[in-house]
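Okay, thanks everyone, I'll keep this short.

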Amino acid sequence: MTLPAFHGPTPADMRRVMGRFTTGVAVVSAEHADGAACAMTISSLTSISLEPPILLVSLTHGSRTTEAVDTSGRFAVSVLGARQEALARRFATRGGARFEGVPHDASASGLPLIQESLAQLECRVHAAHDIGDHRVVYGEVTDMRWRDGAGLVFYSGRFGDFRDFGHDELPWLF
């Protein structure tokens with residue numbers, strides 16, 4: 001199939017094009033100044049540096065979670081497993097007591113972490129920048145743990161899981 005002609009990006013087209021890039025799904029959590037836990041689903045998470053351990057998350061401007069990360073200078077990340085689509089959807093909506101009835105643990109400093117997630121990381125803000133309609137936050141990982149399992153992925157507006165081709169695990173290539 002041939003690609004159509006190039007044209008200038010609109011927000012809707014940008015979403016469609018970037019939707020062609022399969023991503024993992026995670027929940028970023030923080031503690032608001034009033035002591036309430038807040039969180040949001042993200043698909044923009046990447047490793048930036050191994051030494052020191054730094055990751056990048058992209059957070060929506062104007063959310064309670066973004067405000068809490070900015071104010072507190074720390075956040076946690078729960079990388080979701082394939083059976084956690086309902087949690088991804090729950091934390092993708094605005095408002096409400098998101099952690100009510102959701103099994104969660106606390107990080108070393110008390111930040112909420114989703115139970116049964118594949119990986120949990122606690123970070124302190126290393127740097128943050130406003131770029132367009134998002135706040136890009138670089139977090140230095142201070143604590144982490146993980147387990148084996150299938151990850152929840154997002155592609156073209158749909159959730160799914162990863163199916164490997166049966167190859168041996170490869171070392172980090174990128």
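Predicted model: local features only at pLDDT ≥ 70, side-chain atom pairs only at ≥ 80, totals over all residues.

The chain averages a pLDDT of 91, and 98% of the residues score at least 70. Among the elements, strand 6, residues 74-79, has the highest mean at 98, while helix 1, residues 11-18, has the lowest at 86.

We've got 3 strands in an open, antiparallel arrangement, and the order is 1-11-12. Strand 1 (23-24) and strand 12 (158-161) are at the edges with a single partner strand each, so one side of each has no neighbour in the sheet. Looking at strand 11, residues 152-155, there are 4 bridges joining it to strand 12, and the two run antiparallel.

Next, the glutamine, Q84. Where does Q84 sit? You'll find Q84 in the loop between strand 6 and helix 3 (85-92). Is Q84 buried or exposed? Its relative accessible area is 8%, and the cut-off for buried is under 20%, so Q84 counts as buried.

What's around it, then? Setting aside neighbours within four places in sequence, Q84 contacts V79, I114, Q115, E116, S117 and L152. With Q115 there's also a polar atom of the Q84 side chain lying 3.0 Å from the Q115 backbone oxygen.

That's my bit, over to you.

How values were computed:
Residues numbered from 1 in each chain as written. Heavy atoms only, no water. pLDDT = per-residue confidence, 0-100. Buried < 20%, exposed > 50% of the residue type's maximum accessible area, 1.4 Å probe, protein only. Polar contact = N/O pair within 3.5 Å; in protein donor to acceptor, adjacent residues only side chain to side chain. Contact = heavy atoms within 4.5 Å. Pairing = 2+ DSSP bridges.
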